[in-house]
Amino acid sequence: QVQLVESGGGLVQPGGSLRLSCVASGSINLYHMAWYRQAPGAQRELVATITSGGSTNYVDSVKGRFTASRDNAKNTVYLQMNSLKPEDTGVYYCHVAGSWYWGQGTQVTVSL
């Protein structure tokens with residue numbers, strides 16, 4: 001069983017940046033990982049994926065602004081979020097792709 005703990009969320013003004021971290025309780029070397037977000041009243045949506053080899057994909061709305069990365073030695077994945085917009089507001093979740101493993105989420109609020 002893998003436990004995931006996200007951190008790094010907060011309140012930021014439009015145009016600002018945040019870096020989310022997701023620390024796993026065990027090795028994630030072989031896992032594809034994903035970041036999801038859920039805005040108030042909306043369904044959870046896929047934001048970014050990063051394969052075990054480090055290849056990334058993003059939803060169109062965050063391309064060029066968000067960057068997913070991973071440090072397998074630290075059992076950690078990251079989501080660097082730049083040029084944040086109010087529509088990026090939501091709870092961000094870390095997920096082991098194709099599994100039942102989810103983190104508890106970290107709140108990101110983009111507002112003046």
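**Figure 1. Salt bridge between Asp 88 and Arg 65 in the predicted model.** The closest N and O atoms of Asp 88 and Arg 65 are 2.8 Å apart. Asp 88 belongs to the loop between β8 and β9, and Arg 65 to the loop between β6 (56-58) and β7, so the pair ties together parts that are 23 residues apart in sequence. Both Asp 88 and Arg 65 are buried. Through shared partners, salt bridges join Arg 37, Glu 45, Arg 65 and Asp 88 into one network.

**Figure 2. Salt bridges of Arg 37 with Glu 45 and of Lys 63 with Asp 60.** For Arg 37 and Glu 45, the closest N and O atoms are separated by 2.6 Å. Arg 37 is buried, at 6% relative accessible area, whereas Glu 45 is partly exposed, at 31%. For Lys 63 and Asp 60, the corresponding separation is 3.0 Å; Asp 60 is exposed, with a relative accessible area of 61%.

**Figure 3. Surroundings of Tyr 92 in the largest nonpolar core.** This core comprises 26 residues, of which Leu 4, Met 33, Phe 66, Leu 79, Met 81 and Tyr 92 touch the most other members. The strand that gives the most to the core is β3, with four residues. Beyond four places in sequence, the residues touched by Tyr 92 include Leu 20, Arg 37, Phe 66, Leu 79, Met 81 and Val 108.

**Figure 4. Open four-stranded sheet in the order β1-β3-β8-β7.** The pairing is antiparallel, and β1 (4-7) and β7 are the edge strands, each pairing on one side only. Neighbouring strands are turned against each other by 15 degrees on average, direction ignored. Six bridges join β3 to β8; within this pair, Ser 21 has Tyr 78 of β8 as its bridge partner.

Terms used:
Residues are numbered from 1 along each chain as its sequence is written. This is a predicted model: local features need pLDDT of at least 70, side-chain atom pairs count only at pLDDT 80 or more; totals for chains, interfaces and linings use all residues. Side-chain values use heavy atoms; hydrogens and water are left out. A nonpolar core is a set of buried Ala, Val, Leu, Ile, Met, Phe, Trp, Tyr and Cys residues joined through side-chain atoms within 4.5 Å. Buried means under 20% relative accessible area, exposed over 50%, partly exposed in between (1.4 Å probe, protein chains only). Helices (H or I, at least four residues) and strands (E, at least two) are DSSP runs, numbered from the N terminus. Contact means heavy atoms within 4.5 Å. Two strands pair if DSSP finds at least two bridges between them. Axes are lines fitted to C-alpha atoms, for helices over the stretch in contact, and angles run from 0 to 180 degrees between N-to-C directions. A salt bridge is a side-chain nitrogen of Lys or Arg within 4 Å of a carboxyl oxygen of Asp or Glu.
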